[in-house]
Amino acid sequence: MSVEMVFAVTACALVGIGLYGLIVQPHPLRKLVAFNVMGTGVFVLFGALARRGAAAGMPADPVPQALLITAIVVAFAATAMTVALLVRLIESTDSASLTSEQPADDVGTK
Amino acid sequence: MTPVVSLVVALLLLALAVWSVVVRDAFLAVAGFVAYGLLLSLVWVRLFGLDVALTEAAIGGGLTGALLLGAVARLRGTESKAWAERSGIVLRTVAKALALGVTAVLVLCVLALPEPAPTLAPQVAANMDATGVGNPITGVLLAFRSLDTMLEAIVLVIALIGIWSLSPEGVWGGRPGLRHHADPDGVLAYLARLLPPIGIVVGLYVFWAGADHPGGKFQGATILAAMWLLVQMAGLADAPRTDSRWLRAGVVAGPLLFIVVGLLGLWTAGAFLGYPPQWAKPMIIAIEVGLLPTLVLVLALLLNGVPARSGR
């Protein structure tokens, strides 16, 4: 099995692991970490496909690689935005719960 | 020998991914994720993506790690309550089945990939001379797919505006986060005095080398932003007020310059973001140099977070 196929299959597993964490972890920060694992799985798969596209003396197809750099930066921006939302959620409600029902004495004040 | 190394890296990567998803303690999960990000850069090296490896180490491992570690520290105390809400055995079994199913379908797709693989490398190689730069990744980012890079710079600014809009009432335009205090004679303050001069040189080198070698503005900007954040964390300088004019001008300058160069292309080369042949390299350098300060500011400010104190 070639190196790029090893990592392509690994990437598929990473997407699955991230998806599992995204569903079962109740804390939003843990969901964010799981979502990032899932995202990096997609990146690694894309990177393995770029390596398969080696041609014209280049060790890998530079177009998907350049898009990967863009993707990593945008993923960071989205993560920063999510962390900010989360910190504000906890500051204003004192809870990190994402469930919709609230304790009875809280209803009406929020 | 080579496949064995890749196999070990892949297994370690999977183990760290499982760890950061299932371990109970959020801090341990984030610590695992930081190690995972650094290991990922090794994967990029093995996949011959040195530019991607540098970006992953700087942004994926470094900045995202720092961001998540900061978040864990502020979210302590909400963990045990959330843990009590964790999914029951039925949902966990269903989630496992779903995750396995998705992985299986993806693996089947990977095994069914066409041979030979489609590639744009020959087109890039044929047109590299027209751009005047030697690193094909830089060529793609700033010539062939420069629209993507422009939109990316704009996305960063929009994310920053989004974070600033979350500021509580009364502190709009204030300074983000808490003021850091560290022992002025401690190791952190010492490093914050020692490292920035070196870091600035390294950051600018990585930025400048990006034209012909692995590196570029994102990697360089991350190193420069990290130096600024280090000085802030050691308490030697405060985070900037988000309503300061120079700051806001700096944040929009890069994308604005990019758009101006794009419009110039409309006039000189007949297409938005087109470069007249003999002017390609100077225009690419102009965009890179214009974008660097914006990226340093935005990356550091994204990490600084929501304005939280008026700080007058």
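Trainee: Which residues touch the most other members of the largest nonpolar core?

Mentor: This is a predicted model. The largest nonpolar core holds 118 residues. Ala80(A), Val296(B), Leu299(B) and Leu302(B) touch the most other members.

Trainee: What makes a set of residues a nonpolar core?

Mentor: The members must be buried, of the listed nonpolar types, and joined through C-beta atoms within 7 Å. Ala80(A) and Val296(B) are among the members of this core.

Trainee: Which residues is Val296(B) in contact with, leaving aside its neighbours within four places in sequence?

Mentor: Ala221(B), Leu224(B), Ala225(B) and Trp228(B). A contact here requires C-beta atoms within 7 Å.

Trainee: Why are α2(B) and α3(B) called roughly antiparallel?

Mentor: Set the angle against the cut-off. Helix α2 (residues 26-46) of chain B packs on α3(B) at about 175°. Angles over 145 degrees count as roughly antiparallel. Therefore α2(B) and α3(B) are roughly antiparallel to each other. Their axes are 7 Å apart.

Trainee: Which residues make that contact between α2(B) and α3(B)?

Mentor: From α2(B), they include Phe27(B), Phe33(B), Leu40(B) and Trp44(B). From α3(B), they include Leu50(B), Glu56(B), Gly60(B), Gly61(B) and Leu68(B). The contact divides into 16 nonpolar, 6 polar and 1 charged.

Trainee: How many residues of chain B are in contact with chain A?

Mentor: 82 residues of chain B are in contact with 72 residues of chain A. Helix α3 (residues 50-75) gives the most to the chain B side, with 14 residues. That side divides into 55 nonpolar, 14 polar and 13 charged.

Trainee: What does the secondary structure of chain A come to, and what share of its residues counts as buried?

Mentor: Chain A has 3 helices and 0 strands. From the N terminus, the order is α-α-α. Of its 110 residues, 62% count as buried. The test for buried is 20 or more other C-beta atoms within 10 Å.

Note on methods:
Residues numbered from 1 in each chain as written. Chains lettered and ligands numbered in written order. Predicted model: local features only at pLDDT ≥ 70, side-chain atom pairs only at ≥ 80, totals over all residues. Contact = placed C-beta atoms within 7 Å. Helix = DSSP H or I, 4+ residues; strand = E, 2+ residues; numbered from the N terminus. Nonpolar A, V, L, I, M, F, W, Y, C, P; charged D, E, K, R; others polar. Buried ≥ 20, exposed ≤ 12 C-beta atoms within 10 Å, placed from the backbone. Axes fitted to C-alpha atoms, helices over the stretch in contact; angles between N-to-C directions. Parallel < 35°, antiparallel > 145°, perpendicular 65-115°, else oblique.
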